[in-house]
Amino acid sequence: LNDSLITVEKTIDLLRRLESNRLNIDESIVLKDISKAILDLELNLASLCILLRKMSENKFIELPTDLRRDMNSIIHSNRFDYDEDIIVYSQKGREEVDLSQLLLFCKCY
């Protein structure tokens, strides 16, 4: 769990650094790197959520209802947007995910 959490946090940090360098580096290069980092974040978050769900199914942890809903939204999303907040799109429509709550929960374990 800790390794997955660190990977997600590193990806978020990379996105923040890329955004802050947007004025200093050619826009097309930065946008390509940001797009790749957002895809990495989506995959890393989905892996983290699957791990948490498996831990819950095996009774290692108990997931709050809101957190479980957010995790399922991430895992089953059709489209994923990140701009300091996470917005996922699925068959249910547009859903916001509380990223800070998810990361805080992981840090408790």
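Two strands pair if DSSP finds at least two bridges between them. Strands (E, at least two residues) and helices (H or I, at least four) are DSSP runs, numbered from the N terminus.

This is a predicted model: local features need pLDDT of at least 70, side-chain atom pairs count only at pLDDT 80 or more, and totals for chains, interfaces and linings use all residues. Residues are numbered from 1 along each chain as its sequence is written, and side-chain values use heavy atoms, with hydrogens and water left out.

**Strands**

Tyr82 stands opposite Ile86 in β2. The pairings are these:

| Pair | Sense | Bridges |
|---|---|---|
| β1 (residues 79–82) and β2 (residues 86–90) | antiparallel | four bridges |
| β2 (residues 86–90) and β3 (residues 93–97) | antiparallel | five bridges |

The hairpin of β1 and β2 has three residues between the strands, and Glu84 there takes a positive phi near 70 degrees. A hairpin through two residues joins β2 to β3.

In a regular strand the side chains alternate between the two faces of the sheet.

**Helices**

Helix α2 (residues 27–57) packs with helix α4 (residues 99–107) at an angle of about 50 degrees, their axes 12 Å apart. Axes are lines fitted to C-alpha atoms over the stretch in contact, and angles run from 0 to 180 degrees between N-to-C directions. Leu45, Leu48, Cys49 and Leu52 in α2 meet Leu99, Leu102, Phe105 and Cys106 in α4, with contact meaning heavy atoms within 4.5 Å.
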